[in-house]
Amino acid sequence: MSLPPPPPLASHAPHAPPWPILAVGATALVVLAALTALHRLDPIAAGPAALVVAVATALAVVAANRFAQARFLELSHAATERAGEPPPFASLINALPDPILVISAAEPEDITSLRYIFANSAARNLLRIDSGEGLLVGVIRDPAVLEAVDTALFAALDAETVYETTGAQPLTLRAHARPLGLALDGRRLALLVFRDETEVRRVERTRADFLANASHELRTPLASLAGFIETLRGHARDDAGARERFLAIMQAQAERMSRLIADLMSLSRIELNEHIAPSDELDLALCVTDVLDALAPIARERSVALVPTLPARGVARVAGDRDQILQVVQNLVDNAMKYSVAGGSVSVAVEVGATAEAAAAGLRSDSARLSLLTPDHPGGAYAVLRVSDQGAGIAREHLPRLTERFYRVEGQKSGERSGTGLGLAIVKHIANRHRGGLAVESAPGQGTTFTAYFPLLPAAAAAAPARVAKAS
């Protein structure tokens, strides 16, 4: 009877003790004793046959044992090599669009034991997680979310709450925490899932804001129209002069209401999609050219010169919604013409390659400047639009409120300068949707400069010369 040679031992145990030789002997004695007891033989009289069978059986047992040991060591070595790999379900969970975290904890009062041990791709992007695991409070500090996680971990109950992020692009998420039982080491486990409700909340907020703003701003012109109609139907019915005067005022009020509704609808649409970055590509300089061509007749009527300073075609390429970028340029240039004196000029310049800091920096050291909107991630190069007028300027205390809805500086609310008070609010929300920024610089008697900047496309940014902010 021949036996296959036993497999070699694992290379990481070359100095193992000679236990196989002892095992062969011990196993042979056990087998021999069993045979003699079974056949009621005298061990000495059993003869060589029983001894051969005993030795052969012992060798087979030892060989099988050594094979099993080698296989166990091989599997253990492979498991050790895979220890740093993600679990087999990681690719499936990473493909899910909702952010998902697996949380573990040992003691309810020990905040340092509250850790995330797995985060899918969506969670890493949302919470800006770089490592595979770490302290939960290092990435989430919202008390309501932490309380929901504690409920799932230590009360074994499902819990949910609302989690709102901060920054220029805030998100509203529904956080669900669910218990997962105990891990092999005895720690408690819970699943934390975030569901994005930003768009639903925006729709609700936009509808409520629209109704509130429309009812507030339309009350005055509607009352004015009703009063003039009543007058025309009464004692001024046969007064031709009064009729013409009242009809002109009524027409102006109707046009103001029309502009107000249009601006409110535009602002509502922009806010509704503000968290979705545009994907189309456009040339900012060409957009400026189109707007200046359209506003040229109005500028001549107001005796205001438009002075463009634009780069070559194709240099200032950004990702954006063309209609909204045109609206930004038109609102800023129209405001500048509105507050310029007759015979003055409006400068419209486009620069490329500036950092966010350089774009928001002022042009004059003697003017007040304020950043009205700063991007959440200000890295990279930007295309910068600067619109400057030579008007009366704006006092420092008014600058922070310029982008509020319906806010207008005192002394600029009537006459030819009247407007809806929504133009700069629209500009700010469009710049925010494009992941850009907005800044203002002004001083009484020295005019005002508004600066809107948008991220350049990678190819345009690589070709543009870098420009950083200068110390002032």
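What is the volume of the second largest pocket? The volume is about 580 Å³. This is a predicted model, in which local features need pLDDT of at least 70 and side-chain atom pairs count only at pLDDT 80 or more, while totals for chains, interfaces and linings use all residues. Residues are numbered from 1 along each chain as its sequence is written, and side-chain values use heavy atoms, with hydrogens and water left out.

A pocket is an open set of points on a 1 Å grid over the protein atoms alone, where a 1.4 Å probe fits and protein lies on both sides within 12 Å along at least five of seven lines; lining residues have an atom within 4 Å of a point. A volume is the space filled by probe spheres set on the points, which are joined across faces, edges and corners.

Select Arg128, Thr166, Gln169, Asp376 and His377 first: of the 23 lining residues, these are the closest to the pocket's centre. Next, select helix α4 (residues 121-127), which gives the largest share of the lining, 3 residues. Helices are DSSP runs (H or I, at least four residues), as are strands (E, at least two), numbered from the N terminus.

Now move to Ala156, in the loop between α5 (143-154) and β4 (159-164). Its phi is near 55°, a positive value in a residue other than glycine. Most residues other than glycine have a negative phi.

Finally, select Arg435, in the loop between α11 (423-433) and β13 (437-442). The phi of Arg435 is near 60°, also positive.
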